[in-house]
Structures are given as structure tokens and as C-alpha cells.
Amino acid sequence: MKSRYSHILMLLGAILAFVPILSVDFLLDAYVRMREKIDASQYVAAISSQIDAASTDAMSSLRQVLADSPSLCTPTFVANVQVAIESSLNMKQVLVENADGVQYCDAFGRTVQYSPLSESLPVPGRTESLTVVKYADMTMPVLKLTQAFGETRRVSAFLPVMSQNTATMEQGLDAGAMVRVSLTNGTPILTLGDPGAFDRREIDADFISADSFAGALPVKVEYAVPFAIVRAGFADLDVSFTIVACLMSAAFLVLALHYVRRSRVPAFDLERAIARGEIKPYYQPVINLRTGALVGCEVLARWEKKNGKIVPPGAFIDYAEVTGLAIPMTLSMMQQVKADLGDLCTMMPDMKVAINLFEGHFRDDSIVEDVQAIFGNSAISYRQLVFEITERHPVGNSAVANSVIAGLHALGSRLAMDDAGTGHSNLAYLGTLGIDIIKIDRIFVDMIKPETTQVPVLDGLIAMAKDLDCEIVAEGVETEAQAIYLRARGVLQAQGYIFAPALKVDAFRELAVALHATQAPRQRIEAVVASAA
């Protein structure tokens, strides 16, 4: 049998040796796609960064004006507004009005002509809201950034979406390309280039495309161009690729014959296990240390082989990450989570589901689209999702990584730093990532012994998390002494064997329903007491 298999491999190797010669166009297409994808990503990142920078500057200027002005619409206020506009490259106007749109004053003493083009959306992490408007006779849409002042008045700054005019921007686009700026709820803001590019992309996959979010703003920038147009500019590389292909064919033939003679087929078949659905999600409960209520769970991977053997994650997670299989594995896990926990998340709308991401997810912003595709119309809402990244393999501070983080935040999901304290992260690094939750690794929890009164390293981590205004989850809690110590220091969420190990879906569902049933009467009693008070 092995001999027959070896002969088949030799035949396949001989055939495949000539594939590079026959695949010059394919290889060149792949090169063009890679290069143009990078250019497209950098292009949308530049636009989104410009929108984010201009908006952040306008909001900061608006806050400074309010801080320097004792009251609105006074000469001091108007003078401060005019200075802010003169100092800004983008801000055109500042307006004070009430909630019904009645105008009190502005920077130049005239009626401000504008009409809304979108609903008002909050800016995540800030007190301002954002509305797209048509301003005066400007052709470029304008962002209206509004700060509430007291109960009735609103102070708004107006700035164009882009500092360049549309004609200048369109001149820099390839023929057939399109740029679209829209709100995250789908409301279009600005469209440049071929208006049919995005429509055709839905039915024709042969497009180069990229998208990016404008920081914390609910604004998305998209770009698309037909592949055939950009491919035409690389015709001169065909000859070079043909020469390279001939050299590769000769080398491949030698290597293929050498491999067949000396290698063995690897037994470790993770890719096939993912395709067969053998990688299963197990769910470890996260418990509130003060109330005993179930607040969520962490999704952990287990390899369930057909022979019943369970392979622990330590045997394949690192391999999956190195080989790139962690990405399809995560997608498979998310699909199973959607099917497993949909009804529980509907019954328990405050339950959080934590899913692990890997460093590779932050080198390609497609993970945001994958999350939207899987959970967009599911019973699990985006705000119930927590995505964990590990400190042991830190995420680089790249434009793509920042775009992924901003995209997940824009959906309403939260980010957690797993294995906190085991890597090399400092306070500044965690702050730039926009981490919402810090998970303290079990090695620090294990330092808590009976009669322990202080654990300096652990106490320092807790203090750091509080300084960052992050929620805290303790991992690996196994004793009552550990739970009491953590609760006394304000750590209210924990997971570990004292509560339950990682459970199969049926066991976890049974536990969740039981805890929810016991918690519901307590919540009703508390509600009655609160209303009576």
C-alpha cells in the first residue's frame, strides 16, 4: 500500500513540476492582487485617518471653547469660537441651537443654512454625537459634531468630510474605481468614481477592495476597483515571470522526487479536523463573585477525534497559529457558537461570550467582515461578544491592526487582554489598543494561599486595570480563599475550577439555565424593593 502511494506521489510530482510554467498568469495575478490589496488598504487607511484626525481636532477645539467661555453666545464665546476656526484647517462654523433646531448664535453672526442627511449617531467613547449634513452651498458633505450643553442647548462644529474637493479626489482614482464613505449603519456620505463598482462587486468577485474605520467614529471608508484594470498595468512582468517559472519547475521536480523517497506522510492533520468539524467549542462559565450569577463564558477549543479521544488545546493551538489554520478554525468555532448559544443569549441579554483571536487576525481586517457575516442576523448581538487577544503574542501597532480593533469596537463588541501580566505589555501599550477587559492569568491567582494578606504582583495588576478603567476577570480560580481575596479587592468576575471547568454545550446550557432560574427571583425582589423605596 505504501509503495503504491509512493508511486502515485511520484506521478503527481512529475505532473506538478510543470505547473509553474503553465501558471505564469496565475502567479502574476496573485502578485498583482497582493500588491494592489496593500495599496488599497493604505489608501482607505489614509482617508479614514484624515477623517478621524480632523474630527478629533474639531471635538477638542469645541471642548476648549466651552471650557474657556463662561457662558454661550457672549462676546467672549464668539471670540473664542472665531480663534478656534482660524486655528483649524477644517472647521467651518460653530453653532449654538436648541434641541428643536432654533439657532441662538454662531461664529459669524448669520443664520447657518444646513439640512440633515443622516440620523444622529453617538461617537463611541466620547460625549459628542455625529450627523452628516448638507451645509450651505458646499458640494462636499459636512460632519456636524454636537456637544450637549445643559438640558436644552447644543453646540455643534461643522467640518467637511474631506478637505479636498471631489474633483481633485476623483482625478487620483483609476478608471472604474470607486471610493465610498458611509456611516456604520449604512447611510452613504460620499461616493467618488464609478458608481456601479460596488454593485458589480456583489455579483462579480474579480475586484480589488479594502475598507477601514475612521478611528472611534461610526464612519467606514471603502474602495473597489476591477482587477482587470489594475492587471493591465503589469503586462511587462509576464516575461520575467515565465523565466522564473521555468527555474521553479526544475527545482520543484528535484525536490518532489527527493521528498517522495525520504519523507513520510504526517499524522497531524489539523486542517482535515477543522473541515470535519472535529474542533469543538467548550464553554467555561464566568461568575460574578458578589452575586454568584453567570455573567458569561469563554469559548475554548477542544479537538474531539472520531475515536472519542479529546486532544487538549496545548497540543494544537500553537501549530494552528503558526500554519495559519487558526483563522479557519476561529470561523468554524464562531459558527458553532452561534448555533449553540443563540437561545441562551436571547434569554440572558447581558451574557457575554468571549472568543479568542490570534495575532494573525490583526494582519488582515477581514475578521471584522467575518464577524458581521456570522453574527449579523443571529440571536447573539454584537454587544454580547468579547474578543480576547493574548499578551504572550502581542498585536503590532499597525494600521491594519488598529483598523480591526476600531472595526470590532464600531460593531459594539469589546476587547479583552488575555494572559495579562505574562508578556511585555505596559500601561501605554494597553491604552493604545483600546482594551476594555483585562484577564489576570492563573499564575498570579495561584499566588493567593490560605491566610494570604498581600500579593504585590497581583495587586499591581489589579491597580493597573483600574487605572485603565478596564473590567477585570480572574482566571484559574480554584479555592474559596482565592475568590474571597479577589472579591475584597474589587475583582467581581472570575472563572476556574471552583465554579466549573470548560463544559460541553449541553452541560453549559444546563448550568446557565439553572443559574438564571435561581437569579431571576432575586432580581425581581430587588426590583420590588427598589420601586418601593
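Predicted model: local features only at pLDDT ≥ 70, side-chain atom pairs only at ≥ 80, totals over all residues.
Residues are numbered from 1 along each chain as its sequence is written, and side-chain values use heavy atoms, leaving out hydrogens and water.

**Exercise 1.** Find which residues have the most contacts inside the largest nonpolar core.

*Solution.* 
- Start with the term: a nonpolar core is a set of buried Ala, Val, Leu, Ile, Met, Phe, Trp, Tyr and Cys residues joined through side-chain atoms within 4.5 Å, where buried means under 20% relative accessible area (1.4 Å probe, protein chains only).
- The largest such core holds 78 residues, and Ile279, Leu341 and Phe508 have the most contacts inside it.
- Helix α11 (residues 326–347) contributes the most to this core, 8 residues; helices are DSSP runs of H or I with at least four residues, and strands are E runs of at least two, numbered from the N terminus.
- Now look at Leu341: neighbours within four places in sequence aside, its contacts (heavy atoms within 4.5 Å) are Tyr283, Cys297, Val353, Ile380 and Phe508.

**Exercise 2.** Work out which strand gives the most to the lining of the largest pocket.

*Solution.* 
- A pocket is an open set of points on a 1 Å grid over the protein atoms alone, where a 1.4 Å probe fits, with protein on both sides within 12 Å along at least five of seven lines; lining residues have an atom within 4 Å of a point.
- Of the 34 lining residues, Glu298, Leu300, Pro313, Asn356 and Asp418 lie nearest the centre of the largest pocket.
- Elements giving two or more residues to this lining include α11, β13 (294–304) and β17 (414–420).
- The answer is β13, with 5 residues.

Notes: Buried < 20%, exposed > 50% of the residue type's maximum accessible area, 1.4 Å probe, protein only.
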